[in-house]
Every structure is written in structure tokens, then in C-alpha cells.
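Open the model in your viewer and keep the sequence panel beside it. The tour moves from stop to stop; select each residue as it comes up.

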Amino acid sequence: MTPAAAAPPSRAYRRLSVEERRTQLLGAALTLFAHRAPDEVSLDEVATVAGVSRPLVYRYFPGGRQQLYEAALRSAAEQLILCFAEPAVGPPTERVTRVLDRYLAFVDEHDAGFSALLRGGSVAETSRTSTIVDEVRRAAAEQILLHLGRGTGTGSEPAPRLRMMVRTWIAAVEAASLIWLDEGKQPPASDLRDWLVDQFIGLLAVTAATDAETASAVAELLPLETAAGPAGRLADRLAPLIGAAAHLLPPH
């Protein structure tokens with residue numbers, strides 16, 4: 001008698017914990033929301049990507065797509081906030097450059113979802129999702145203020161004009177990111193990053209010209225900058241323009 005073929009080894013199976021399963025479902029949802037507007041994604045698609053049944057998705061998110069979207073948005077928001085976390089080491093404008101590298105990489109990876117999130121108008125948009133987005137903006141502003149030596153833990157709270165300047169720049173970064181997506185991600189991300197850093201420096205300089213608190217912050221930061229860094233390169237490019245505008249200066 002021919003011996004029976006050996007049975008294939010059974011695949012090791014481990015039941016996921018509640019938190020692990022929830023994380024898996026959020027990951028699947030974020031994969032879909034990254035490239036499609038929230039109202040275009042179905043729970044069936046989330047289940048397929050996660051490799052689970054639709055009832056299981058409902059078990060974890062009984063509120064359906066809206067609850068899943070808000071949970072996924074919260075997860076994405078936490079990732080986006082981390083983009084702005086940068087050790088206070090080295091020239092401040094180089095820190096901002098690294099922050100923007102991570103931010104633009106996130107925008108690139110989550111293009112359609114990022115666009116739908118910030119533009120609003122989605123059927124998935126609610127006061128809760130708007131609150132989550134606003135939390136990201138405020139957390140980003142707080143991180144940037146820390147690099148200006150102001151804010152929580154620095155012993156020096158930012159004055160209203162300086163805080164407004166930083167929040168204005170955050171809004172400009174968002175707007176530029178959306179336009180960048182509309183323009184087919186052109187110019188290259190590195191060029192967009194450098195332009196946004198230049199804008200940051202320019203806003204600081206203009207605000208410092210009329211606000212003593214900002215002027216004080218800039219005076220503390222300038223010694224940390226280098227000729228080869230973003231601030232030095234911008235100063236070198238602006239020098240000819242400033243020279244051409246010498247006739248606008250009052251005589252001494």
C-alpha cells in the first residue's frame with residue numbers, strides 16, 4: 001500500500017487582541033483614505049483590504065463609515081503632529097527644513113485623503129473632524145514656536161503678533177501643499193520646501209521690523225544660523241536686491 005502523503009504543516013495562527021485588530025482596521029482604512037475621498041470608500045473595501053469580514057468591521061466601528069473615518073483621521077492626525085516634532089538642536093531654520101521634509105512626505109503619501117481633509121466639503125466632515133484638524137494646526141504652531149524659543153517649557157510665552165505670524169505660516173504651508181497636489185506635485189518637493197522655509201524667514205523678518213517680541217526672538221536665533229544654512233543662503237540672494245533698494249533708505 002502506498003503510504004499516505006504527509007499533511008502540509010498547519011500555519012501558525014494567533015488571534016489578534018482587540019487593540020491589534022483595531023489598529024489593523026485603521027491601517028486598512030488609512031490606506032484607502034490616503035488616495036480616495038472619505039465618502040468614496042465603502043466598509044466592504046476596508047474589510048477586503050484588512051482581510052476580514054464586513055460584520056467584523058462593524059463590530060469594532062458600530063457607527064459605520066463615519067466612526068471609522070473619524071478614528072482613522074485621529075490616527076493620521078497623530079502621525080502628522082509627529083512630523084512637526086524636531087529636537088531643538090542645530091540652526092532653527094534647518095530644523096524647520098527637516099520638519100517640512102516629513103510634512104511634505106506625508107502629503108505625498110496621503111495625497112487625495114489630505115486634500116479631502118483640508119478642503120472640507122466631504123459628507124464625512126463634521127464638527128468632530130474639524131476639531132481634529134484644528135488640533136493638528138495648533139500643535140504644529142506650538143512646535144514651531146518652540147524652535148523660536150517661545151512657548152511651553154521655554155519660560156517665555158509668545159506675544160500675540162509672533163503667534164499670529166506662526167499660525168499664518170502654517171496656513172500658508174497647508175495652502176501651498178494643496179496647490180502642489182493640484183499642480184501634479186510640481187515643483188519638486190525639495191524646491192517647495194526651500195520656498196516655504198524662505199517664506200518663514202521672510203515673515204519673521206517683516207514681523208520683527210514692527211514687533212519688539214519677534215525682534216527679540218530673532219536676535220536670539222540669528223547667532224545659531226550659518227552662512228551655508230537656509231538663512232545664510234537667503235541673505236546672500238537678497239543682498240543684491242537690498243543694494244538696489246538703497247535709494248529708498250533715509251539718509252543718515
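Select Lys185. Lys185 is partly exposed because its relative accessible area is 24%, where buried means under 20%, exposed over 50% and partly exposed in between (1.4 Å probe, protein chains only). Lys185 sits in the loop between H8 and H9. Helices here are DSSP runs of H or I with at least four residues, strands are runs of E with at least two, and both are numbered from the N terminus. Check the backbone: Lys185 has a positive phi of about 60°, yet it is not a glycine.

This is a predicted model, in which local features need pLDDT of at least 70 and side-chain atom pairs count only at pLDDT 80 or more, while totals for chains, interfaces and linings use all residues. Residues are numbered from 1 along each chain as its sequence is written, and side-chain values use heavy atoms, leaving out hydrogens and water.

Stay in this loop and select Pro187. Pro187 lies between helix H8 (160-182) and helix H9 (189-208). Which peptide bond is cis here? The bond from Gln186 to Pro187 is, with omega near 5°. As background, most residues other than glycine have a negative phi, and most peptide bonds are trans.

Step back into helix H8 and pick Ile170. Is Ile170 buried or exposed? Ile170 counts as buried because its relative accessibility is 7%. Show its surroundings: Ile170 touches Phe84, Arg137, Ala140, Ala141 and Ile144, not counting residues up to four places away in sequence. Contact means heavy atoms within 4.5 Å. Draw a distance to Ala141: Ile170 and Ala141 are 29 residues apart in sequence, and their C-alpha atoms are 6.8 Å apart in space.

Next, select Glu86. Glu86 is in the loop between helix H4 (65-83) and helix H5 (92-109). Glu86 counts as buried because its relative accessibility is 14%. Which side chain does the side chain of Glu86 meet in a polar contact? The partner is the side chain of Arg102, at 2.9 Å. A polar contact is a pair of N or O atoms within 3.5 Å; within protein, one must be able to donate a hydrogen and the other to accept it, and residues adjacent in sequence count only if both atoms are side-chain atoms. Leaving aside neighbours within four places in sequence, Glu86 is in contact with Arg95, Arg98, Val99, Arg102, Gln143 and His147.

Now colour residues 42-61. UniProt places the feature "DNA-binding region" there, in an unreviewed entry. UniProt positions are given in the numbering used here, feature names are shortened, and annotations may be inferred rather than shown by experiment. Over residues 42-61 the chain is 75% helix and 0% strand, with the end C-alpha atoms 13 Å apart.

Within that range, select Tyr60, found in helix H3 (residues 54-60). Beyond neighbours within four places in sequence, Tyr60 is in contact with Ser17, Val18, Arg21, Arg22, Leu25 and Gln67. Tyr60 and Leu25 are 35 residues apart in sequence and 8.6 Å apart in space, C-alpha to C-alpha.

Go on to Ile242 in helix H11 (residues 230-244). Ile242 counts as exposed because its relative accessibility is 58%.

Zoom out to finish. The chain has eleven helices and zero strands. Of its 252 residues, 39% count as buried. Among contacts between residues at least 6 apart in sequence, 68% join residues at least 24 apart.
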